[in-house]
Amino acid sequence: MGFIKAGIGAVSGTLKDQFKNAIRCDEMGNDILMVKRTPKTKVIANGSSIIVGPGQMAIIYDNGEVIDAVAEEGFYTYDASSSPSFFSGSFGPVLREMWQRFTYNGVSAKQQAVFFFNIKEIVDNKFGTPTPIPYRDFEHPVLNPRTGQLSPMRLDVRCFGKYSFKLVNPAMFMRNVAGVADIYRKDEITEQIRSEVVAAFTNVLNGLGQESYKIGALSLPSQSTLIKSLMVENVYDEPIRNRGLTIVGFIVESVTLDAESKKKIDSYELGGDVYQQQGTLVNAYGQAIQDAAKNSGGAGTGFMNIGMMNMATGNAFGNATGNNVQQQMNTVENENQQSGDAKFCSECGAPITGKFCSRCGKQTGK
């Protein structure tokens with residue numbers, strides 16, 4: 001028993017008028033994924049016509065088993081005496097394998113139906129990251145004072161966009177999602193798919209922030225194709241595949257920064273070259289050290305100012321230069337204790353203990 005094709009293009013032709021009890025499914029649009037059509041008698045009469053529209057796939061379901069399937073639009077006759085036809089249509093040779101040994105348990109006997117599946121691309125599905133995602137931004141590198149190397153700036157981003165998906169394995173979709181429902185709509189699974197798309201996207205972002213890509217946060221919308229390919233290559237979309245669906249299109253439309261990240265970027269852009277920013281702070285530390293060294297009456301007061309600088313800069317350089325600062329403090333204090341009339345180099349401010357400055361080499365006496 002199975003589909004017998006009645007004619008090419010007969011869906012819109014005059015041939016369909018010859019069949020008064022045609023089983024068909026109207027256009028499913030972008031919202032319906034599966035529809036069941038069951039005769040009143042629960043049995044498909046021999047010779048019944050079945051109309052498969054563009055972008056549709058149809059199966060004949062008999063007492064818990066799929067006995068035939070077709071994924072090519074056209075006009076078909078149900079022949080109870082024929083062998084299953086399994087027209088390949090757009091699904092190619094995998095169609096027969098897809099439904100091979102398919103059974104759906106828990107249904108009553110003596111029931112036949114035709115299930116129609118929407119195999120068009122389901123478009124215009126929006127997504128957005130509900131919370132900011134940490135991202136390493138190589139477009140705005142900062143100097144790591146501990147290592148002396150440039151490191152990506154850490155930002156928190158939120159991304160928004162659209163994706164599309166397609167039903168590619170109706171057998172898996174029916175078994176794992178829709179069952180034998182009379183109708184299954186997209187909105188019954190939209191939230192679940194959206195959450196899984198965001199999870200897959202987050203996994204991709206973690207990789208894009210690595211050395212091998214160095215993609216800036218604000219450049220992510222231009223990398224939608226790469227993001228989609230990485231999602232597939234790394235099987236981050238596995239939960240979606242397990243429902244008989246696949247992601248077809250993926251677009252990042254916009255990227256926004258949280259307030260703190262935006263402040264970081266603004267400060268970076270206003271400050272110019274990163275080396276210049278870091279150098280300015282280093283020079284400020286150096287000058288503070290010299291001023292403290294020249295203050296023979298209270299080096300501690302001078303170095304107290306350095307501590308205040310550390311606080312003002314978030315200890316960005318204080319941690320890195322702390323040991324050097326402490327050593328110079330100790331040197332100055334020791335020298336001042338040894339001589340109340342200690343002399344200091346006019347060039348660099350270091351304590352003078354001989355004819356030449358121990359730091360810069362300037363001759364200081366005869």
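The model is predicted: local features need pLDDT of at least 70, side-chain atom pairs count only at pLDDT 80 or more, and totals for chains, interfaces and linings use all residues. Residues are numbered from 1 along each chain as its sequence is written, and side-chain values use heavy atoms, with hydrogens and water left out. Helices (H or I, at least four residues) and strands (E, at least two) are DSSP runs, numbered from the N terminus.

**Whole chain**

Show the protein chain as a cartoon: it has nine helices and 15 strands. Of its 366 residues, 40% count as buried; buried means under 20% relative accessible area, exposed over 50%, and partly exposed in between, with a 1.4 Å probe and protein chains only. A contact means heavy atoms within 4.5 Å. Among the contacts in the protein chain with a separation of 6 or more, 72% are between residues 24 or more positions apart.

**Helix 2**

The arc is that of the directions from the helix axis to the C-beta atoms.

Now pick Ala178, in helix 2. Its relative accessibility is 8%, so Ala178 counts as buried. Beyond its neighbours within four places in sequence, Ala178 is in contact with Met34, Phe173 and Tyr184. A distance to draw here is from the C-alpha atom of Ala178 to that of Ile189, 11 residues apart along the chain: 9.8 Å.

Zoom in on strand 8, residues 112-118. Seven of its seven residues are buried, so strand 8 is largely enclosed by the rest of the structure. Which residues point which way from strand 8? Gln112, Val114, Phe116 and Asn118 point one way, and Ala113, Phe115 and Phe117 the other. In a regular strand the side chains alternate between the two faces of the sheet.

Two strands pair if DSSP finds at least two bridges between them. Strand 3 (residues 32-37) is joined to strand 8 by four bridges, and the two run antiparallel. Strand 5 (residues 56-62) is joined to strand 8 by seven bridges, also running antiparallel. Centre on Phe117: it is the bridge partner of Met34 and of Met57.

**The cores**

A nonpolar core is a set of buried Ala, Val, Leu, Ile, Met, Phe, Trp, Tyr and Cys residues joined through side-chain atoms within 4.5 Å. The largest has 50 residues, and those with the most contacts inside it are Phe117, Phe173, Phe201, Leu208 and Phe250. Helix 3 gives the most to this core, with eight residues. Apart from it lies another core, of 16 residues, including Cys25, Ile44, Ile60 and Phe116.

Select Phe201 and its surroundings. Not counting residues up to four places away in sequence, Phe201 touches Phe127, Thr129, Cys159, Ile227, Met231, Phe250 and Val252.

At 12% relative accessibility, Glu196 counts as buried. Its side chain makes a polar contact of 2.7 Å with that of Arg243; a polar contact is a pair of N or O atoms within 3.5 Å, where within protein one must be able to donate a hydrogen and the other to accept it, and residues adjacent in sequence count only if both atoms are side-chain atoms. Leaving aside neighbours within four places in sequence, Glu196 is in contact with Pro239, Ile240 and Arg243.

Move to helix 4, residues 224-233, where Ser224, Ile227, Lys228, Leu230 and Met231 are buried. Down the axis of helix 4 the buried residues fall within an arc of 165°, so they line one face. They pack against helix 3 and strand 13 (245-257). On the face turned away from the buried side are the exposed residues Thr225 and Glu233. End at Val235, which follows helix 4 and has a positive phi, near 55°.
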